[in-house]
Each structure stands twice: as structure tokens, then as C-alpha cells.
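Hello,

Please find the structure below. My notes on what was found in it follow.

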Amino acid sequence: MSLLMAILIGFLYAVSIYLLLRRSIVKLVLGILFLSYATNLMLFFAGGLTETSPAFADPNAGAEIIQTSDPLPQALILTALVIGFGVAAFSMVLIYRFYKETGTVDLDELSEPEKS
Amino acid sequence: MLFLPVLIPLISIVLLIGFRHSLKYQQGLSIVSVFAQLFAAVSILLKLSGNGHLVAQAGGWPAPFGIGFVADYTSGLLLLAVSLVAIGSVIYSIGFVDFDRQKNGLFLLYQGLLAGVNGALLTGDIFNLYVWFEVMVISSFVLITLGSEKLQLRASVKYLVMNLIGSMLFVAAIGLLYSQMGTLNMADLAYKVRLQPAPPLVNSAIMLFFIAFGIKAAVFPFFFWLPASYPTPPIAVTAFFGATLTKVGVYVMLRFYSMFAQLDVAFWQPVIFVVAGLTMVFGVLMAASSYDIRKILSFHIVSQIGYMLMGIGLFSVVGLAGAILFIVHNMFSKTATFMAGGLIYLYKGSYDLKKLGWIYKTKPLLAFLFLIPALSLAGIPPTPGFFGKFLLLYAGFDGAHWSITIVALVVSILTLFSMVKIWNEAMWKPEKITADLVAKKVHPAAWMGTFIVVLLTLFLGLTIGYTYDYFAEAARQLLDPMSYIKAVLPETP
């Protein structure tokens, strides 16, 4: 299972880098989104993948429960997701304004020639 | 007590939203808020003398479980410097920035930026550090686009993308580190890394951290976003950015080097020196070839980051004290040169050195206000820039790191050259009268803000005999991470 997840995360990183290197600014923003998905997934699995261990241990159970799943990465990822959502909203508005002002979505137009 | 530097700007944001219809109240409230932050920073620094470290745990949770704020001399001194620069910047912005931008949340965003910077300086938890970084970076995203001019939008796309990639690498590194070590408290991590040989993935995590903070601090292969984006917003905003954003990146590198990288000096020292040398050389060469005041000064930010990195790499008491002094001196001098450049723009209507001239003849006071911080950047005594460079070079020769020290010496000559270029072109050259050069009436607040920061630069230089002890004490604390660990986790053996 963790091998599968590792491959999935790697694939998401590959997609994001491919999109980041394209010329279109829309794809650039999609690339950022995929980058944040891949990173968040990685953070999520930082606590390890377990199938049966519960999140909370019953204090009366004694030594029966040896392993509980780690709740901290789930708390971390919530924060990271909210921040990522805010940034995604901002970048969408930014590219919209950019398109309105310049009339282009081509990143090569981004570098204006030096005014002498 | 330790939470005040974060709480004051956060409360100010709420109040500023309440006063969003009245610009006068917003300006007044911002000034009150930055002075309150100065008070908080001074009281933290006073409390530090005698204690060593100050620790406050949020919600009373004990150290490895709760999120703690930790202050030592490094963070205390930088907090003080940030709050002082913030006073100058807020006052300057009242005089410089147009009313549309001021009404649309300029001061609110300044407070957001300050909350992020102060939080990042104080926090003792790596994930919390990421959150403060995002608070800071998101405020700066909006500040850099505020006004929505075409040039600003072009620049902000580059700024946004590079900083987001940096942030994502940061989170990825946090994930890797947590999966290996099971904790994110800095003191706990530093302790556990010292207990047993670290698993190999920890080294990849630290490398990812280095790249992430390298992007934020604009060091050698990652610095191109800075000169592309800094010159576009109003120069008051650029001045404030120059004093805060990159410097926090350097501060975190300093902190991490003391915590983790110090364990593997044989690998990290050459890496830091090579990156530092290339950062210095590339920054100063591009500054020397520019003809726009804002661009020259932006490239200089990059070049000066190299000196700070060099101090981190030296990692001796004198070297680290030099690096911290250099960060503080740069906050003052760089902000002051940007502000003086902004005053030139207000009087002459241009940043282009080819169009400017004769400022020494028409506005001698302005010429001197520019000269003092410019000489400080170039490193002429008795300015703080000289003492910062002196300490770094002394530590470099002392540790027999010849190549980086010689590079630093050559770069400082080139720095002097580009500062003299601004002086010759803008101040001494006869002016070519062109139609678009207009002398406007300048708001006195712009003069006042510049005065404050220039005086701070001079003050730091003239009192270095007394303040050096603080910088040296900060360096000693960084050299002894066990004292930091013991302060946060009292039960460690």
C-alpha cells in the first residue's frame, strides 16, 4: 500500500513539474495546485500507513492496544490545506487580473524588454 | 509576554478593519501599533539579560507536545531591529504612498507582514514556523500587487510562483522530517538528532529546508525572483520588504544551521561558502550594470545576503556576531537607501540615473541622507556596514578560509563602485532638464521616515562598542544549542 502511495505522490510531483514548465499561465497555476496536492499527501502519510489501529486508545484497555495511528499529520494537513486553498484563490484572481491587463496568457510575454 | 510581538499586530489588523473608512485613524493606529511592538521587543530584550532564553508554551502544554515560543538574543535583537524599521517604514509610507493604496489596506497588510515576521522569529516549532512564513508571504503577495499596475502584475506572477514552490518544498521537508523523527519541536528535534546517527532521510529533509529558505532568502541559484519583483511596487513597500522578508529567511538558516547542519560541518561548510560567494558576486555584478536606482538596490540585497551566509558558514563567535550585526545593519542601511531613493523620485519624477542629476546642488540634505546609508552598504567607517564586514573578514582570516574572504573583499570594492555610481550620476552630474521631471510638494512624513532610519544606521555604527556585546552573546548562544534545548526541555539530561 505504501509503495502504491509513494508512486502516486511521485506521479503527482511529475505532473506538477510538467505543468509548471509549460508556457501558459493557467497551466502554471494548475501546476502549483498539483504541487500542493502532492506535498499535502506526503505530509499526510508522514505518520505512516496503518489499516486497523485506532486513532484513540481506550485508557482502560491496558496493554491490548499496542499501536495507535498518529493523529498529528492529520492536524498538520488541515492547516496546510487551508493555507493552500487561500493561496490558490489568490493566484486565480491574480492570473485573471493579469489576463485583463495584458491580454495574454503566455508566460514568455512576462519578461518585458529593458526600457533604456 | 513573549506572545505580545505577534498579538499586537494581529489585534491591530482587527482594529484597522474596523477603521477602514477613516485614513487618519488608520495611520494613527498603525503608528501606535509599531511603537507598541518596539516596547514589546525592548522588554523581551531586557528580560533576556540574566535569563539566557525565554520560553512560553501556548496553552500551558509542556514542550514537545505544545507549540512554544522561544526567545534568545538572536531573535530578540532582530525583533528590535524589525520594530524600529517598521516605525520608519510606516511613517515614510504615510508620506510616500498614494491615497488609493493607503485606503485599500496598505497599513493592514503591513501589520500582517509584521505578525508573520515576529512569529517566525520567535516560534520554536517547525510547522508553526511554516504557518508564520505563510502569514508573512501572503501579506507580501497582496502588498506587491496592491495597485494592480501592469508592471506589478507581471512581477507578482514570478514572485508568487517562486515563493509558493519554496513553501511547498518547506512542507515536503516537514513531512519527511516528521516521518523520520516523530517530532517537530525544534529543541526536541535538535536533541534527538544528537542522540543517535540520523536516518538518511533526515539529511534529504535538511537539504530541502536549505533550498526552501534559499528561495525565501534569495541566495544564488534561486535569487532571480527578487530583482524581477522588488522594483515594481511603490518604493516604500520595497524598502519594508528589503528589511523583513529575505532577512527572516537568513535568520531561519542561521537557526537551522545551529540546530542540525552543525553536526555535519564537513559537508555543509563548503556548500554554504560556495553559495555565499556566488550570491555576492552575481548580485554585485548585476547591480554594477544597472542604471535604475531601485534595480541597483534590489541587486544589492542579493549581494549582501551572501555576506550573511558567509557568517553562517564561518560559525565562530566573531563570524556569527558579524552575520547578525550584518542582518541588522542591512535592515537599517538598505531601507534608508531605498527611502532616500524614493525622495529623489518624489522630487525628480524618475529612478533612472541617466535622467537624474544635480541633487547635491539643489537638495544637499537629501544627498547626505542617501550618502550615509550608501557608505554603510559599501563598508566605510564609522558606519555599521564597516563593522559588520570587519567582523566577517576577521573571522574569515582567523579561520583560514582564504577564498571566501578574498571574494568578500573584492565584492565590497564593487559595492563601493556601484554606490559611487549612484552618487556621481544622481548627485553630481549636471541635470538634463526634460519635460517629465517635476518637483512636487513632498509630504513631511516621507522626510521624517527617512531621517529616522538614517539616524538608526548612524546610531548603530557609533555605539558598536556597547552593542557588540549583545551580538557576541547571541553568537555564543547559537554556538551552544544544548543551552537552547535545556531551556525548552528542562528534563533533558
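**Helix α7 of chain B**

The buried residues of α7(B) are B:Met186, B:Ala187, B:Asp188, B:Leu189, B:Ala190, B:Tyr191 and B:Val193. Buried means under 20% relative accessible area, exposed means over 50%, and partly exposed lies in between (1.4 Å probe, protein chains only). Helices (H or I, at least four residues) and strands (E, at least two) are DSSP runs, numbered from the N terminus. Helix α7 covers residues 186-195, and because seven of its 10 residues are buried, it is largely enclosed by the rest of the structure. Its buried residues pack against four helices of chain B: α5 (126-145), α6 (150-181), α10 (235-259) and α20 (481-488). Contact means heavy atoms within 4.5 Å.

**Basis of the model**

This is a predicted model, in which local features need pLDDT of at least 70, side-chain atom pairs count only at pLDDT 80 or more, and totals for chains, interfaces and linings use all residues. Residues are numbered from 1 along each chain as its sequence is written, chains are lettered from A and ligands numbered from 1 in the order in which they are written, and side-chain values use heavy atoms, with hydrogens and water left out.

**Chain B as a whole**

Chain B contains 20 helices and two strands. Its radius of gyration is 22 Å, which agrees with the value near 23 Å that a compact globule of 493 residues would have. That radius is taken over C-alpha atoms, and the globule rule is 2.2 Å times the number of residues to the power 0.38. Along the principal axes, the C-alpha atoms of chain B fill a box of roughly 70 × 55 × 40 Å. Of the 493 residues in chain B, 65% are buried. Where contacts in chain B join residues at least 6 apart in sequence, 80% of them link residues at least 24 apart. Chain B has an accessible surface of about 16,600 Å², and carbon and sulfur atoms account for 71% of that. Accessible areas come from the Shrake-Rupley method with a 1.4 Å probe; for residues, only the protein chains shown count as cover.

B:Thr337 sits in helix α13 (residues 317-348). Its relative accessible area is 0%, so B:Thr337 is buried. Not counting residues up to four places away in sequence, B:Thr337 touches B:Leu297, B:Phe370, B:Pro373, B:Ala374 and B:Leu377.

**Chain A**

Chain A has three helices and zero strands, in the order α-α-α along the sequence. Of its 116 residues, 36% count as buried. Among contacts between residues at least 6 apart in sequence, 58% in chain A join residues at least 24 apart.

A:Asn40 belongs to helix α2 (residues 25-44) of chain A. A:Asn40 counts as buried because its relative accessibility is 6%. Apart from neighbours within four places in sequence, A:Asn40 is in contact with A:Ile77, A:Ala80 and A:Leu81.

**Where the chains meet**

How many residues does each chain bring to the contact? Chain B brings 30 residues and chain A brings 34 residues. Between them the two chains bury about 2,800 Å², with 81% of it on carbon and sulfur atoms. On the chain B side, B:Arg154, B:Met168 and B:Tyr178 lose the most area to chain A, together 22% of what that side buries. Buried area is the accessible area (1.4 Å probe) that two parts lose on being put together, summed over both.

Regards
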